[in-house]
Amino acid sequence: MNAFASQGLYLMSFFKPRFQGYKVFLCPVLFSLLTVSCAIQTEPTTLGERAARASVDKAALFGGQEEIIKPITLYEAIARAIKYNSDQKVALMEQVVAYGIADEASSIDLLPQLAASGGFSTRSNQLAVSADSVETGRQTLEESYIEDKSVRGAQLQVVYNVLDFGISYVKAKQASDKRYVSEEIRRKSVQQIVHEVRTAFWKAAAAQRIIEDMGVLIAAVQDELVRINAADLSNKTTDQLKEQKKLLTALKSLMDLRNDILTAKAELAALMNLPPQTEFSLDIPPDMDRPKIVKDLGQIDLEHFALVNRPELRINDYEARIAALEAKKEMLRLFPGIEFSAGINYNSNSYLKNKNWADAGMGITWNLMTLFSRPQAIRRAKNQEELERLRRLAMTMAVMSQVNVAYLQLRQAAEGFEVAESLDKVNESLWQKSFIEKNKTAQERRDTLFTAVDRLVSHLKRDFAYADYKGAESNLFVALGVDPLPRFVAQANIRSIAETLEDNLSRNAPRGFKDVSYDRPPSDRAQLTALSKDQRAKLLEWSGLRRVDKKEAPLTQRAVNDPILLKGAVPASVRPKPPVQKATQKTNKAIPAGFKLLQLSSFEQLEKSQTYWQELIAIDPTLAAYSPIYREVCLNGKMRFRTFIADTESRLKNICQRLAAELKSCLIVQK
């Protein structure tokens, strides 16, 4: 601001003695200069503005998407990712901006320049001139006005430069090639998103098939661990410790697999741009149970197919053409520029005889310095052209390597799936034989539980191996450059895009790959679980999660309330209701010598005490061995029902440790 102020004061001191009559004009101008020179500051964003921005962005991110009303097929998942995936949109727009595809000025440059101008000017006094003789120095022309005080003028000029036309023609061809580059970038982006969705879909499908059984088995193993831990640790034998170790190992394996299946569906949802916590299910093709595995494609020339179709090589082709045109453009700049011009003019000056006139002309310009600088630019363009050729050769080698590596990975994935499927069949047979046997002892039931865990783990690994095979197959498609969606209309609905994908993926596949290329839509339902309904019910019965009764007994509160254990396995409304009993002195049995009482709860109603007792049994099944003691007491004029169990003090303290989260405090009394 100080610099502008000092300049303004200097101008005032300079103009003051010369233009005393124009203070009214100069003062506002200088005041404007001083005002503009002040520092301009902005305010930080407010909480309200950030909150509004978050709401707008969230609505823009997830708004306008088609609602999910049925299980999602593979093609619909791919269609949703292509249409809605935000990361793909960002990557594609970045490439478009980088190549300047949105700028269409190169085509306009082919036309001649057409310039229209007009204006108005005024003076404080009228323009007047006079003339003196060169020889005598005497005035030969008295002072005369030659222009009005206020003048208006207009001009329309057409200029055509031959050299600029040639350079613009080359630029237009380069812009056309860049548009083709943009299309190849789109193809590459679609190929990548199809590959990612296809791999995530099969992993999510494997998770969906196993989630119910996973919850049942984790609950069963946890309950079996509770039974083993009920014994005194100091009195455990080596065999008991080994059994405990086997159960803990089985539980860890199940939990590790559970982590994998819980993230698989979330990854697929993110690729489809679905809001977090969106509930959806997958329409699993029957191919998952009856897969077609390909390990040998015969005499198909996969390398030639890839070299013709890979978008990276097509991009190199266009980049080479752009580099060659750049060399031609530098050569054109060596020549002089020939310019033709024509125009019409108007001027309102009353002293002119002709206020309207037309003019035309031709000129030539030649910057002679280009004779020295342009050859270096031409060599640089030639070097760029050679660089693009070398890049194409390097990319050719890379593509050939990628095809061969992808083909080897496909064969290895196929072999890995065959081994996993064979192991799954063996474990299936062992499980079926173990299940049909009449298991009577706890050890036999525990062995059957181990067999069930092996069955479930091998089944999930088999499905994950199939997902890996499908991922390797999709990776080969990417390496080959198969075009999944040649034409894409952003306004098309999901169903139309899915149908186009289904048609093109098989049509554009290499010969010999069409029958197994991409998955057909399901004609029937695939097997959705590893364990049957009866087998899951039996495991629940053995683990203590299902009460044995003449009627079909409900699941306990623990199994129902755990969304991870039994998500989708049972309705959420199921809740055990214990029989209602009235508290009498008969419930207060005699306490054996050496036993103490542990208070578990205190409620105003007996029904609530009995319900809470059943919930504690669901949490710790070992409590079922105890008979609850209900005592009615009066506190501050109100009746309350307390629940006790009787045992030695050491065992009661052990129960307090196991139920610390539920009991909050451990109250052990003598009687």
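Which residue in β9 does L597 stand opposite? In this predicted model, L597 faces A646 of β9.

The β7 and β9 strands belong to an open sheet of four strands. The order is β8-β9-β7-β10, and the pairing is antiparallel. Strands β8 (629-635) and β10 (667-669) form the edges. Each of these edge strands pairs on one side only. On average, neighbouring strands of the sheet are turned by 40° against each other, direction ignored.

Two helices accompany the sheet. Helix α16, residues 606-619, lies across β7, β8 and β9. The α16 helix runs at about 120° to β7. Helix α17, residues 649-658, also packs on the sheet. The strands touched by α17 are β7, β9 and β10. The direction of α17 makes about 35° with that of β7.

The nonpolar cores come next. The largest nonpolar core has 86 residues. Within this core, the residues with the most contacts are M214, L254, L268 and L282. Elements giving two or more residues to the core are α4 (74-84), α7 (162-229), α8 (238-271), α9 (302-309), α11 (370-436), α12 (442-480) and α13 (494-507). Helix α7 supplies the largest share, 20 residues. Residue L268 illustrates the packing: leaving aside residues up to four places away in sequence, L268 touches V197, A200, F201, A204, F280 and L282. In soluble globular proteins, nonpolar side chains tend to be buried together.

The mean pLDDT is 75, and 76% of the residues reach 70 or more. Among the elements, strand β4 (residues 150-161) has the highest mean pLDDT, 89. Helix α15 (residues 557-561) has the lowest, 36. Over residues 515-519 the pLDDT is below 50. This stretch has 23 contacts in the model beyond near neighbours in sequence. Over residues 545-589, pLDDT stays under 50. For residues 545-589 the model has 84 contacts beyond four places in sequence. Where pLDDT is low, the predicted coordinates should not be read in detail.

Terms used: Residues are numbered from 1 along each chain as its sequence is written. This is a predicted model: local features need pLDDT of at least 70, side-chain atom pairs count only at pLDDT 80 or more; totals for chains, interfaces and linings use all residues. Side-chain values use heavy atoms; hydrogens and water are left out. Two strands pair if DSSP finds at least two bridges between them. Axes are lines fitted to C-alpha atoms, for helices over the stretch in contact, and angles run from 0 to 180 degrees between N-to-C directions. Contact means heavy atoms within 4.5 Å. A nonpolar core is a set of buried Ala, Val, Leu, Ile, Met, Phe, Trp, Tyr and Cys residues joined through side-chain atoms within 4.5 Å. Buried means under 20% relative accessible area, exposed over 50%, partly exposed in between (1.4 Å probe, protein chains only). pLDDT is the predictor's confidence in each residue, from 0 to 100.
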